[in-house]
There are 2 protein chains.
Amino acid sequence: MAAQASGRTGETRPGGEEPVAAEDRHAGCDSWRSVAPDAARRLLIAAVEAFAERGFHATTTRDIAGRAGMSPAALYIHYKTKEELLHRISQVGHERSLSLLRDAAAGRGGPSDRLAAAVGAFGRWHAEQHTTARVVQYELSALSPDHYAEIVALRRRTEAVVRDLVEEGVRAGEFEVLDARATALAMLSLCLDVARWYRPGGRRTPEEIGDFYADLALRMVLAPRATGRH
Amino acid sequence: MAAQASGRTGETRPGGEEPVAAEDRHAGCDSWRSVAPDAARRLLIAAVEAFAERGFHATTTRDIAGRAGMSPAALYIHYKTKEELLHRISQVGHERSLSLLRDAAAGRGGPSDRLAAAVGAFGRWHAEQHTTARVVQYELSALSPDHYAEIVALRRRTEAVVRDLVEEGVRAGEFEVLDARATALAMLSLCLDVARWYRPGGRRTPEEIGDFYADLALRMVLAPRATGRH
DNA sequence: GCTGTTGCTAAGCGCGTGCTCAGGGCCCCG
DNA sequence: CGGGGCCCTGAGCACGCGCTTAGCAACAGC
């Protein structure tokens, strides 16, 4: 991990018109391989991009269909409503990030190693898949009550993975924390927020961001050295 | 600060219909004392509540006017557009949180004390004023390009305050960080995210949240103890 | 060649949106 | 009582929204 690199903050317009980088688009498409007919997948990818740029409510079905190279009516052959698109995106995104987190948390090593791996993987995903992650993290409130409840269950399981890791480290005597639940939530906050500020081509690669956040997570749970406070 | 309190996570519907707590409503009103005619202030407070619950694009001008006890047309006597309401909210909110942060950062003590005070105050504000903060942090993209640029300038100044504090601590030999800018951003991420998950009446008071995050911020910058990693 | 199925489009319906405008009640000054 | 300024309302306009419907081209099976 490089130290103290210089560079711009790069806070640019989230809903701007800058073209999507090729790297970005490629990474985005790969995650949706499981979605069945080709036209349905193209619509889903178009919806992810549109929702990420403008938000769910500011995106029109005409915009989504246009990005997918289709007429507005084509959308309704593959999806019942605009909300169903959001639900599918949210579902697949949450399941993917949860499984990444679980795999890392179930790896080899002690609590420190596994916590670092989990936070690193979760943070890295939010950078690499920042377009999807933005929709997944910040458009929840547009879901129908039923779909919202379903997604919240996935989120609770995500929180539980990190919380369990922290508690395990405390029991093993490796970690010292004031509040395991709140500490776990703070780690998730760090990673989620990557989706808000990350821009491709910035100072840091997704991998560097993951590594940096893994280090921060360890600092949060390891007992601090005696400080210079008076 | 209490350790390891038990309780529910409390992730409830952001756009739900639960009535606003009295404590909440009171705290919200106090911050807008500077807004001039009484009717304009009532409209602003109504807009904050509506935007926080449903988001800018899902909120109608009829809804805002209704909450303020007025007809839809009354809104346009005090504000040119719906976007102007969002701009005023964003402006006042950013200025308020920036000035809180600056006051704490300019206080007495060494870098550790001032960093803890700054992060504590900033985190606490995002809990106390979570309704305003939600609009301020998550509805930026609905601003017009001019207004957006103005607000981004305020945000950069906010980032600079924390970054300068971290760099000062590094120069003083109190802190050890891999990347001062990224560390400062992480601290802000923690605090901003409070606006997303905080619910009044939860496990923690705003003050406890601020204190907890101040402690986390110090852990992030103080060199970690030798770890148990192999 | 005929029919059924699949995947799409052109056209458009009904509605709710942001916003406008003519006018009316109320208060202060004479 | 008259006149003017300040707030506010009732009614409604133009538009763009989510979504529907009728129909068409392509193709497979027989």
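**Exercise 1.** Find which polar backbone atom is 2.8 Å from a phosphate oxygen of DNA strand D.

*Solution.* Keep in mind that this is a predicted model. Start at the phosphate oxygens of DNA strand D: one of them is 2.8 Å from a polar backbone atom of Ser71(B). Next, look at the side chains. Arg62(A) goes for a base instead: a polar side-chain atom of Arg62(A) lies 2.9 Å from a base nitrogen of DNA strand D.

**Exercise 2.** Work out how many residues surround DNA strand D, and how they divide by class.

*Solution.* Count residues with a heavy atom within 4 Å of the strand. You get 16, and the closest are Thr61(A), Arg62(A), Ser71(B), Ile77(B) and His78(B). Now sort the residues: 7 are nonpolar, 6 polar and 3 charged. Finally, check the helices: helix 3 (61-67) of chain A and helix 4 (75-78) of chain B each supply at least two residues of this surface.

**Exercise 3.** Say which residues of chain A the UniProt annotation "DNA-binding region" covers, and describe that stretch.

*Solution.* First, the record: the unreviewed UniProt entry puts this annotation on residues 60-79 of chain A. Then the fold: this stretch is 55% helix and 0% strand. Last, the ends: their C-alpha atoms are 14 Å apart.

Note on methods:
Residues are numbered from 1 along each chain as its sequence is written. Chains are lettered from A and ligands numbered from 1 in the order in which they are written. This is a predicted model: local features need pLDDT of at least 70, side-chain atom pairs count only at pLDDT 80 or more; totals for chains, interfaces and linings use all residues. Side-chain values use heavy atoms; hydrogens and water are left out. A polar contact is a pair of N or O atoms within 3.5 Å; within protein, one must be able to donate a hydrogen and the other to accept it, and residues adjacent in sequence count only if both atoms are side-chain atoms. Helices (H or I, at least four residues) and strands (E, at least two) are DSSP runs, numbered from the N terminus. Ala, Val, Leu, Ile, Met, Phe, Trp, Tyr, Cys and Pro count as nonpolar, Asp, Glu, Lys and Arg as charged, and the others, Gly among them, as polar. UniProt positions are given in the numbering used here, feature names are shortened, and annotations may be inferred rather than shown by experiment.
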